[in-house]
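Visitor: I would like to learn how to read charged side chains in a model such as this one. Could you take me through them step by step?

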Amino acid sequence: MNELVFTVEQEDDGGYVASAEVAPNEHITTQGDTLEELRLMILDAIECHFFDEPSRKPQTARLHFVKDEILPLAG
């Protein structure tokens, strides 16, 4: 695996949650109050996850931002 893809969503309180599937039934999830903090938390979570298996550690992490938008419908 050369790249982990984290799905990033903003919480109602303004913070962020990021989650990535490493393998079937194996995920990394972390959170941060700001995007800067989230990026640091992602890097830390990756280091912790692959601590015992550094050869499995990916070379990059991609952040995929998900944003919900509600459109009112005329009824």
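Guide: What follows goes through the salt bridges and then a patch of charge. The model is predicted, so local features need pLDDT of at least 70 and side-chain atom pairs count only at pLDDT 80 or more, while totals for chains, interfaces and linings use all residues. Residues are numbered from 1 along each chain as its sequence is written, and side-chain values use heavy atoms, with hydrogens and water left out.

Visitor: What is a salt bridge, and how many salt bridges does the count come to?

Guide: Side chains of opposite charge can pair when their charged atoms come close. The rule here asks for a side-chain nitrogen of Lys or Arg within 4 Å of a carboxyl oxygen of Asp or Glu, and by this rule the count comes to 4 salt bridges.

Visitor: Which residues are linked in a network of salt bridges?

Guide: The network links Glu26, Glu53 and Arg56. Arg56 pairs with Glu26, where the closest N and O atoms are 3.3 Å apart, and this pair links distant parts of the chain, 30 residues apart, with Arg56 in the loop between α1 (35–49) and β4 (60–66) and Glu26 in strand β3 (residues 26–32). Those elements are DSSP runs numbered from the N terminus, helices being H or I of at least four residues and strands E of at least two. Arg56 also forms a salt bridge with Glu53, the closest N and O atoms being 3.0 Å apart.

Visitor: Which residue forms a salt bridge with Lys57?

Guide: Lys57 pairs with Glu47, with 2.4 Å between the closest N and O atoms. Glu47 lies in helix α1 and Lys57 in the loop between α1 and β4, 10 residues apart. Glu47 is partly exposed at 42%, and Lys57 is partly exposed at 33% relative accessibility.

Visitor: Where is Glu36, and is Glu36 buried or exposed?

Guide: Glu36 sits in helix α1 and counts as exposed, because its relative accessibility is 59%.

How values were computed
Buried < 20%, exposed > 50% of the residue type's maximum accessible area, 1.4 Å probe, protein only.
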